[in-house]
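Thank you all for coming, and please have the sequence and the structure open while I talk. I will begin with the place where the two chains meet, and then move on to each chain in turn.

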Amino acid sequence: MNYKLLADTAMLAGEIMLISGAETYRVEDTMSRILRTSGLEKTETFVTPTGIFLCLDDAAIDGITLVKRVDNRVTNIAYIYEANNVSRDLCAGIISVEEAYLELKRIKTRKQYSNYLVYPCTIIGSSAFTILLGGDLLNSIIAGLNGVFIVLATILTMKLNINTFIKNLSASVLIAFNSMLFLHYMGNYIQLDALIGGSIMPLLPGVAITNAIRDTLQGDYMSGGARAIESFVLAASSAVGIGIGMALYSIMAGGINL
Amino acid sequence: MMLIQVVGAFIAVVAFAVIIGVPKKFLVHAGLVGAVGWFVYLLLAPVGLSIVGRMFFAALMVALISHSFARLLKAPVTLFLIAGILPLVPGVGMYRIVYNLITNNNALAGHYMNETLQIAGMIALAIFIMDTIFRIFQKKM
């Protein structure tokens, strides 16, 4: 058996899953399963939200150790699902290590949804979340307009390569400012709670929150803590953005009643 | 009115599922998880539970259905859980905290801060419980 290739395969699978937003314990579990197909005595994996370590050792071979620094995470749940399937097939003996490696390489090049679908979904998301929170049709349309601001902020920060914190902040400022504008001119019809609360929903770090909880339950406190901080910071950036937007509008409009 | 909100939840969760890249064949399932979770939350409104309590049962339902789908469809739980739990995440609570802070209403801001933290804790607790139950169940099989 080609142990080097096996280690590479495990590392690749782990990297894909970690980048795509899998829970840390799931990444470790999948990598360990792949490594254990070698039947070697020592198979260790250690995964943090920012890096992967793996070790494959036995008296019969020279030990293999790989380290991979992971930055630039892009959530893509489909990749987790596909990498999971490949590892399942590999462990069940349906495909060989070589096939698994090539299949994993192929996952990375595949694109699930184009941006022309993701952007409208952001707008629809803002609208629908406003309805979910009890907003009426008018408010959900305005929330859709707010969704456009999220899309604009996303495109802009992607072009300039700025981090998510600034993206959330700027989008929230625009959302709050726009909502206040509508509140000023159409006061009675606006449900500010549902409007702003719904509009910022697509910005909330759903992946980080869920993973923070599930990693902590697994006893993976380092990853759990890191994810908890991540979700708190991202949520706070939206909150601060809303504050700035509302304050800005009330100053510009000469101190209207919020 | 309740039905409209549940439909809104379905559409919202499907849209969010597309954003985070859930595979096409699981989009409807993810939407269902979110819609049922929000339905439970609305359904419990007349019972007299606090918002925090209602959130707990809604999150419990979301986690239950997510785990069931994961077992039935042989897919990771996160596929359904991440998108499905999102409607319960207290976005409005966050807005209310900020709103009351900048209007110098510190008492109310503190109240909502408290409530938002409690809701977050309840969601975590619900996911904890369901994860544990399904792990026991899995070992026995």
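What you see here is a predicted model, and in it the contact between the chains takes 49 residues from chain B and 50 residues from chain A. The size of an interface is often given as the accessible area lost when the parts come together. For chain B and chain A, the area buried between them is about 4,400 Å², and 75% of that lies on carbon and sulfur atoms.

How many salt bridges are there between chain B and chain A? The count is two.

If we take the contacts in chain B between residues at least 6 apart in sequence, 63% of them join residues at least 24 apart.

Some of the labels for chain B come from its UniProt record, an unreviewed entry, which places "domain: Threonine/Serine exporter ThrE" at residues 5–133. Over residues 5–133 the chain is 80% helix and 0% strand, with the end C-alpha atoms 30 Å apart. The unreviewed UniProt entry also places the feature "transmembrane region" at residues 41–65, 77–97 and 117–137 of chain B. In the model, residues 117–137 of chain B are 100% helix, and their end C-alpha atoms lie 30 Å apart. For residues 41–65 of chain B, on the other hand, the span is 72% helix and 0% strand, and the end C-alpha atoms lie 15 Å apart.

Finally, on chain A there is a nonpolar patch on the surface, with about 760 Å² of accessible area together, and its members include Leu156(A), Phe165(A) and Val233(A). The elements that give two or more residues to this patch are α6, α7 and α10 of chain A, and α10(A) gives the most, with three residues.

Technical notes: Residues are numbered from 1 along each chain as its sequence is written. Chains are lettered from A and ligands numbered from 1 in the order in which they are written. This is a predicted model: local features need pLDDT of at least 70, side-chain atom pairs count only at pLDDT 80 or more; totals for chains, interfaces and linings use all residues. Side-chain values use heavy atoms; hydrogens and water are left out. UniProt positions are given in the numbering used here, feature names are shortened, and annotations may be inferred rather than shown by experiment. Helices (H or I, at least four residues) and strands (E, at least two) are DSSP runs, numbered from the N terminus. Patches are made of residues with over 30% relative accessible area and no salt bridge: like charges are joined within 9 Å, nonpolar side chains (Val, Leu, Ile, Met, Phe, Trp, Tyr) within 5 Å. Accessible areas come from the Shrake-Rupley method with a 1.4 Å probe; for residues, only the protein chains shown count as cover. A salt bridge is a side-chain nitrogen of Lys or Arg within 4 Å of a carboxyl oxygen of Asp or Glu. Contact means heavy atoms within 4.5 Å. Buried area is the accessible area (1.4 Å probe) that two parts lose on being put together, summed over both.
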